Amino acid sequence: MAHNEKILAASKKHPLVALERGQLYKYGTAGFRMRADLLEGVAFRVGLLAALRSRKLNSQAIGVMITASHNPAVDNGVKIVDPMGEMLEQDWERLATALVNCPTDEDLVEVYNKLVAELKIDLTIPAKVIYGRDTRPSGHTLVTALADALAAADTEYVDYKILTTPQLHYLVRATNTEGTPSSYGKVSEVGYYEKIASAFVRAMKGRRIDGALTVDCANGVGGPKLHEFLKYIPKDKVAFDVKVVNDDVLRPEVLNLDCGADFVKTKQRAPPVPKPQPGTRTCSFDGDADRLIYYWVDPQTGFFMLDGDRISSLAASFIGDLIESAGLKDDMRIGVVQTAYANGASTHYISQHLKLKVICTPTGVKHLHHVAQGFDIGVYFEANGHGTVLFSPDALNAFRDTKPQSPAQKDALDTLAALGDLINQTVGDALSDMLMVEVILAHKNWTLRDWAMTYADLPNRLVRVEVADKDLFETTDAERRLSKPSGAQEEIDEAVKKYKDARAFARASGTENACRVYAEAATRSEANELADRVVRVIERYGSSQ
Ligand SMILES: CC(=O)N[C@H]1[C@@H](OP(=O)(O)O)O[C@H](CO)[C@@H](O)[C@@H]1O
Ligand SMILES: [Mg+2]
């Protein structure tokens, strides 16, 4: 059968569900994400686009991940991973939206061919796509649709079955660098565990971890993968006492239910199950294991959370010190990338105390990742716990090639080199970030309380505001100021002026049909009051057309 006929025939098996009231499917920050029963046709069409992207990029492998992260179990999602393990290039998000929304199978074939012509894609060259899915049962149907699309588009594919999101990102990069000097690691799930475990052992040399760590896996894919990973740590080299909890993947309905990183961050409390043990060092992954939040419940003061801002400042401080001990301070540009949601106290601590450069970008990890790539060492985290540390090729070479003049310098260089392998360079990775935190705490000989003492967060409040049309709100200055509707920002400025150490901003959410208002100030009551004032401004401007 010819290419077009094969695609047409296969597409008929995976029809697209028309959305209500002429709404469109949209490739957003997290790809296509919605109720799983709407996604079969979407997954098929994403398969076609991934095949085109592989051909456009000279047959490099493209990844597709099936997951809805921290969303409830009934949802699912489909997103594309670019060759170096990065998020899909922004221009192609538009193409994904165009291809997916074709109303009929015939339109789909037409738009597919239009893209081939416009992008000058050679359909005769090989294409390769690799994919994985989280533990959601709906993933089966979606990967079947995806595989049918890839077969119809004459594309070689590898089904890696169940993976965490960061594992798929690792595999995409490993596949595309295999056999080259910049090989990212063995092209297998085992290769991922081996690389990280060996780096962890090297980074822990001469140090020990104090006390057990409890890891809440959101009843998602992180549970079985963490159990698997732990087998790769040689007990005689590192004693790492990990208690894995909320690791039930046999009952899909409990996925992300009252547990996981998103629950802890938004509810600002520990998951009720298992009952929090006072003083225990605990962290939570989200449903696809790309976000991490640490916390403990203090016998005296109660719950205390260490979120993405804290992980970022911990990593920046530790790596900054190592660079100095390694004698590389004058050669390495270290930068920390945050969004406007980062607590002002963290920004102040990093820029004033650590004396490191801080850059603020719009929300969404692809923006942070991109800016972090501009540094020799780029630390980026969203407050919600998604982030990583990027090392440039020059930095990695320097860690390996610098000749140490003292045992302390050697130790610093070895630790930096180990961190380069330990920390996932493609995307935020809860497992790898957790090991990084454990390494840092062990090196500093710190408890979570010591870590928490580095600075005091400014009290803050985040409010979701329903408005008639969120698109009325446009921002500038990395989303920290409203450029539209005219007059709104001036009113926010007036409100902010009334409070000490205050900051507030409003923006349209990229993932929900609402605006978000963030406010912080010197005291809790002032932060609340300021948030209320700004919410009223947004409600007023959002209702007047
Ligand atoms: C305040 C907040 O947490 N915003 C989240 C949320 O984006 P919004 O555009 O604010 O809806 O979802 C994004 C994708 O998961 C995540 O990157 C971001 O941090
Ligand atoms: Mg996630």
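## Helix packing, backbone features and a pocket

Asn58 is found in the loop that runs between α2 and β2 (61-66). Its phi is near 50°, a positive value in a residue other than glycine. Element names follow DSSP runs, with helices (H or I, at least four residues) and strands (E, at least two) numbered from the N terminus.

This is a predicted model, in which local features need pLDDT of at least 70 and side-chain atom pairs count only at pLDDT 80 or more, while totals for chains, interfaces and linings use all residues. Residues are numbered from 1 along each chain as its sequence is written, chains are lettered from A and ligands numbered from 1 in the order in which they are written, and side-chain values use heavy atoms, with hydrogens and water left out.

**Cis peptide bonds**

The peptide bond from Val273 to Pro274 is cis, and its omega is near -10°. Pro274 sits in the loop between α9 (261-267) and β8 (281-285). The bond from Lys484 to Pro485 is also cis, with omega near -5°. Pro485 belongs to the loop between β17 (481-484) and α17 (488-497).

**Helix pairs**

Two packed helices are described by the angle between their axes and the distance between the axes. Axes are lines fitted to C-alpha atoms, for helices over the stretch in contact, and angles run from 0 to 180 degrees between N-to-C directions. Contact means heavy atoms within 4.5 Å.

| Helix pair | Angle between axes | Axis distance |
|---|---|---|
| α2 (40-56) and α5 (139-152) | about 35° | 7 Å |
| α1 (3-13) and α2 | roughly 155° | within 9 Å |
| α7 and α8 (222-230) | about 60° | 10 Å |

The axes of α1 and α2 cross at roughly 155°. That makes α1 roughly antiparallel to α2 (angles over 145 degrees; under 35 count as roughly parallel, 65 to 115 as roughly perpendicular and the rest as oblique). In this pair, His3, Ile7, Ala10, Ser11 and Lys13 of α1 meet Glu40, Phe44, Arg45, Leu48 and Arg55 of α2. These contact residues divide into 4 nonpolar, 2 polar and 4 charged. In this scheme Ala, Val, Leu, Ile, Met, Phe, Trp, Tyr, Cys and Pro count as nonpolar, Asp, Glu, Lys and Arg as charged, and the others, Gly among them, as polar.

From α2 the contact takes Glu40, Ala43, Phe44, Gly47, Leu48 and Ala51, and from α5 it takes Thr141, Leu142, Ala145, Leu146, Asp148, Ala149 and Leu150. By class there are 9 nonpolar, 2 polar and 2 charged residues in the contact of α2 with α5.

For α7 and α8 the angle is about 60°. That makes α7 oblique to α8. The crossing of α7 past α8 is right-handed. Glu189, Tyr193, Ile196 and Ala197 of α7 meet Lys225, Glu228 and Phe229 of α8, a contact of 4 nonpolar, no polar and 3 charged residues.

**Second largest pocket**

Helix α13 gives the most, with 4 residues. The lining comprises 10 nonpolar, 9 polar and 7 charged residues.

Note on methods: Left-handed = near helix turned anticlockwise from the far one by under 90°.
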